[in-house]
Protein chains: 2
Amino acid sequence: MGKKYSMQHEVAYYQCDINQTMTFPAMLSVVIKASSDQSDQLERGTEAINQLGLTWVITQTEININRMPRDGETITVITEPTAFNKFFCYRSFWINDGQGNLLVKIDMAFVLMKIEERKMSSVDAELMAPYESEQIKKIKRWDKIEAVTDGKQRLYHVRFYDLDSNHHVNNAMYFNWMIDVLGYDFMVEHTPVYVNVKFDKEVLYGNDIHSLYQIIEEDQTKTLHEIRLGDQLACEANIVWQKK
Amino acid sequence: MGKKYSMQHEVAYYQCDINQTMTFPAMLSVVIKASSDQSDQLERGTEAINQLGLTWVITQTEININRMPRDGETITVITEPTAFNKFFCYRSFWINDGQGNLLVKIDMAFVLMKIEERKMSSVDAELMAPYESEQIKKIKRWDKIEAVTDGKQRLYHVRFYDLDSNHHVNNAMYFNWMIDVLGYDFMVEHTPVYVNVKFDKEVLYGNDIHSLYQIIEEDQTKTLHEIRLGDQLACEANIVWQKK
């Protein structure tokens, strides 16, 4: 069991969409702040990592949602670096409401990337020591992501404000492109219950990307997403929705 | 002198761009939260105003910048509803650093809009009473905004997450389109010192807008901006910059 860290956050109106609940980019940014604050506390902050020529990159995110956090409520974000193996670090997040009820559970995998070469680095046990997370051999298997087979698409231009302080496009921003294609009516009639997303390739400033999507209506509504950079897959995701 | 309200805010990494300073959309969203929290406290919150069939719309914003707030610093936002006349309410904001030094001063004009008719409403003195701001006859004159005469332009699509809880595009979002056209090199080489922006017409979901701009290099660098909806002017702005 890794060292836990928790912080409180008051959800502001500007972090919510017209449903008065948090947007995906805002929610993911806030939980990442919790892990980044923990790393600062353990002297493994962004600067320390960058000085080693490394940067953290999120490769996979799974989100289970009981209810999205609401405008004005104070949430508690708990995070735990659960385990790491030769290449991946695993971290979980729990978002609770004021009464301690679980609203959202998020699981992520991170890799360390060499900044210059843009290549994956192996994970050093000494670097991970202060997190007290378990060193494992196993590589976690994630649920398979269903590919878009019969999709529509829309072109997006990467904006200056989509860049984060590491000069690459913040993963949370991919949700801007995935959600926007679903449209107003869909977004006011559905609420998300499950998200599975895999980040395959970095999107850079100046890139134009295509956001592909397909809506599947079975027992549950499911949307399939791909972010494409020319013929390369940058990101793929499945989202399960509930009708309101 | 109106009733003052102040709040503290810790600037998060996700509110900053690659310069490690706050983005315009983030900074404006945070100061508007201060005014909205004050209104809630005075029982003049969004819900109370909406129940009268009204909504606040920002028509003008002037920003004087000593230094943009930095990632990680705790700022104090002080706001004061300074005065109102038949149609306009004036409000000022001061952003101070931890030592009480003034970082940014913002002046705004608001009008009350009838939600159904999308028409301006006159401002009721009783509605304004709890703010204790002065009732005046005079209409404030703002510095003239220089028009784009020889501009370039780029097309933007209004995204779902650009909408605020009032179902219209948040004024802070206009800065996404105005800043993005300036490009990466310009944004890392310049820091803003003065902004003057006028909001002429609402941008709605589904609209495609053109962001026009012109860069003037004289004693100081100045950028001229227009947001256009077809042949209609939605927003015009001038920004003065300092070379780093």
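Which helices each supply at least two residues of the lining of the largest cavity? They are α1 (24-41) of chain A and α1 (24-41) of chain B. The model is a predicted one, and it holds two cavities of 30 Å³ or more.

**The largest cavity**

- The volume of the largest cavity is about 740 Å³.
- Its lining comprises 32 residues. Those nearest the centre of the cavity come from chain A, as Y14(A) and M173(A), and from chain B, as Y14(B), P25(B) and M173(B).
- Sorted by class, the lining of the largest cavity consists of 16 nonpolar, 10 polar and six charged residues.

**The second largest cavity**

- Residues of chain A in its lining are L28(A), S29(A), I32(A), I58(A), T61(A), M108(A), N170(A), N171(A), A172(A) and F199(A), and chain B is represented by Y13(B).
- In chain A, α1 and β2 (54-65) each provide at least two of the lining residues of this cavity. The greatest contribution is that of α1(A), with three residues.
- The second largest cavity has seven nonpolar and four polar residues in its lining, and no charged ones.
- This cavity lies between domain 1 (5-135) and domain 2 (152-243) of chain A, because both domains give residues to its lining.

- Is N196(A) buried or exposed? N196(A) has a relative accessible area of 2% and is therefore buried, the cut-off being under 20%.
- The side chain of N196(A) takes part in a polar contact of 3.3 Å with the side chain of Q60(A).
- The side chain of N196(A) also reaches the backbone oxygen of D143(A), at 2.9 Å.
- Beyond its neighbours within four places in sequence, N196(A) is in contact with Q60(A), T61(A) and E62(A), with D143(A), K144(A) and I145(A), and with E236(A), A237(A) and N238(A).
- Of these contact partners, T61(A) is also one of the residues that line the second largest cavity.

Technical notes:
Residues numbered from 1 in each chain as written. Chains lettered and ligands numbered in written order. Predicted model: local features only at pLDDT ≥ 70, side-chain atom pairs only at ≥ 80, totals over all residues. Heavy atoms only, no water. Buried < 20%, exposed > 50% of the residue type's maximum accessible area, 1.4 Å probe, protein only. Polar contact = N/O pair within 3.5 Å; in protein donor to acceptor, adjacent residues only side chain to side chain. Contact = heavy atoms within 4.5 Å. 1 Å grid on protein atoms, 1.4 Å probe; cavity = no way out; pocket = protein on both sides within 12 Å on 5 of 7 lines; lining within 4 Å. Points joined across faces, edges and corners; volume = space filled by probe spheres on them. Helix = DSSP H or I, 4+ residues; strand = E, 2+ residues; numbered from the N terminus. Nonpolar A, V, L, I, M, F, W, Y, C, P; charged D, E, K, R; others polar. Domains from an automatic or database assignment.
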